[in-house]
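This report covers annotated spans, helix packing and a few loop residues. The sequence and the structure come first.

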Amino acid sequence: MAFQILLNFFIASVWMFMSSSMNARTFIVGYLIGFLLIFMMRRFFKQRLYIERLWATIKLTLLFFKELTLSNISVLLLVLRPNLNIQPMIFALPTDLEHDWEITLLASLITLTPGTIVLYVSDDQRTLYIHAIDVDDVDDAIDSIKNSFEKAIKEVSRP
Amino acid sequence: MKTNDVILQTTTKVVFFIIFLFSIHIFFAGHYSPGGGFVGGLLTTGAIVLLLLAFDLKTVQKALPFNFTIMTGIGLLLALGTASGSIFFDVPFFTHAFSHFNLPLFGETSLHTAMIFDAGVYLVVVGAAITMIQTIGGDT
């Protein structure tokens, strides 16, 4: 991915030298031409096109905003409820993310959505301990996190 | 009891650069807007302290192999040299000089010898603060 972006910048710079005008407009035109060339040659790269990972990042951001809104509304309904029959719980979430930044991103996303807080990351980085404010079914909560955030992060980090 | 600090360390690796960049910006902004050598030096110290909190003393000393005591001395020499440079031009002590230069990359830039004095202040602040923190935090 980094190699493809560097190649795209290199093509844009060569285009600037060819047309012998050093301004931003020429660079952007060269960048678009370079992207077209890289798109034509996509079979020769071992990894995905970087635009796909960029798209996955944008989708992850949109998913985060959606989850943030929905969970804020649910916590607001919990607070406004006259009788407090909630079931707080600490449960272990098994994860198979590998890199440090993936774990950090997952923990930040879980903590930033209200109602769930990451308390601790185990030493082998295979388990996250999460406190949730209202859990009916533990497997349900684990599945919802796994299917939303973890799947999106894996989609971003897949080479 | 050693805990797993993966979240703190990964976040520190990103945030450190942002704080350091902002400290450089504050250092250069001291002439017409708030900022200057002292605040910039304290912000740089804050970035290094964040590193010290996330990692340990030995790792940071290996990563930044500066002798901070000598850095304080260099800062004082810079400030004193800027002040005593005015003696050679037959003007009162601490008289600053400034003029406009045409630099190749920045274009028309106004350069002022007060910036060298500020760099001395910056080095003194960083050196003194980190020396204090390392001395208090060290095991010896």
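In chain A, an unreviewed UniProt entry annotates residues 6-39, 60-81 and 101-121 as "transmembrane region". The same feature name, also from an unreviewed entry, is listed for residues 12-32, 38-55, 67-89 and 109-133 of chain B. UniProt positions are given in the numbering used here, feature names are shortened, and annotations may be inferred rather than shown by experiment. The model is predicted: local features need pLDDT of at least 70, side-chain atom pairs count only at pLDDT 80 or more, and totals for chains, interfaces and linings use all residues. Residues are numbered from 1 along each chain as its sequence is written, chains are lettered from A and ligands numbered from 1 in the order in which they are written, and side-chain values use heavy atoms, with hydrogens and water left out.

The table gives the composition and end-to-end distance of some annotated spans. Helices (H or I, at least four residues) and strands (E, at least two) are DSSP runs, numbered from the N terminus.

| Span | Helix | Strand | Distance between end C-alpha atoms |
|---|---|---|---|
| Residues 6-39 of chain A | 85% helix | 0% strand | 14 Å |
| Residues 60-81 of chain A | 95% helix | 0% strand | 31 Å |
| Residues 38-55 of chain B | 94% helix | 0% strand | 26 Å |
| Residues 67-89 of chain B | 74% helix | 0% strand | 34 Å |

**Helix packing in chain A**

Helix α3 (residues 50-80) of chain A packs on helix α5 (residues 138-157) of chain A at about 165 degrees, and their axes are 8 Å apart. Axes are lines fitted to C-alpha atoms, for helices over the stretch in contact, and angles run from 0 to 180 degrees between N-to-C directions. α3(A) and α5(A) are therefore roughly antiparallel; angles under 35 degrees count as roughly parallel, over 145 as roughly antiparallel, 65 to 115 as roughly perpendicular and the rest as oblique. Their crossing is left-handed, a term used if the near helix is turned anticlockwise from the far one by less than a right angle, with right-handed used if clockwise. Residues of α3(A) in the contact include R53(A), L60(A), F64(A) and E67(A), and those of α5(A) include F149(A), I153(A) and E155(A). Contact means heavy atoms within 4.5 Å. By class, the contact has eight nonpolar, three polar and three charged residues. Ala, Val, Leu, Ile, Met, Phe, Trp, Tyr, Cys and Pro count as nonpolar, Asp, Glu, Lys and Arg as charged, and the others, Gly among them, as polar.

**Helix packing in chain B**

In chain B, helix α2 (residues 37-54) and helix α5 (residues 114-137) cross at roughly 30 degrees, with axes that come within 8 Å. This makes α2(B) roughly parallel to α5(B). The crossing is right-handed. Among the contact residues are G37(B), G40(B), G41(B) and I48(B) of α2(B), and D118(B), Y122(B) and A129(B) of α5(B). The contact comprises 12 nonpolar residues, five polar and one charged.

**Loop residues**

S20(A), in the loop between α1 (2-18) and α2 of chain A, is not a glycine but has a positive phi of about 45 degrees. With a relative accessible area of 61%, S20(A) is exposed; buried means under 20% relative accessible area, exposed over 50%, partly exposed in between (1.4 Å probe, protein chains only). F94(B) has a positive phi near 70 degrees and sits in the loop between α4 (68-84) and β1 (98-103) of chain B. Its relative accessible area of 38% makes F94(B) partly exposed.

M41(A) belongs to the loop between α2 (24-40) and α3 of chain A. M41(A) is partly exposed at 41% relative accessibility. Its C-alpha atom is separated by 42 Å from that of V121(A), 80 residues apart along the chain.
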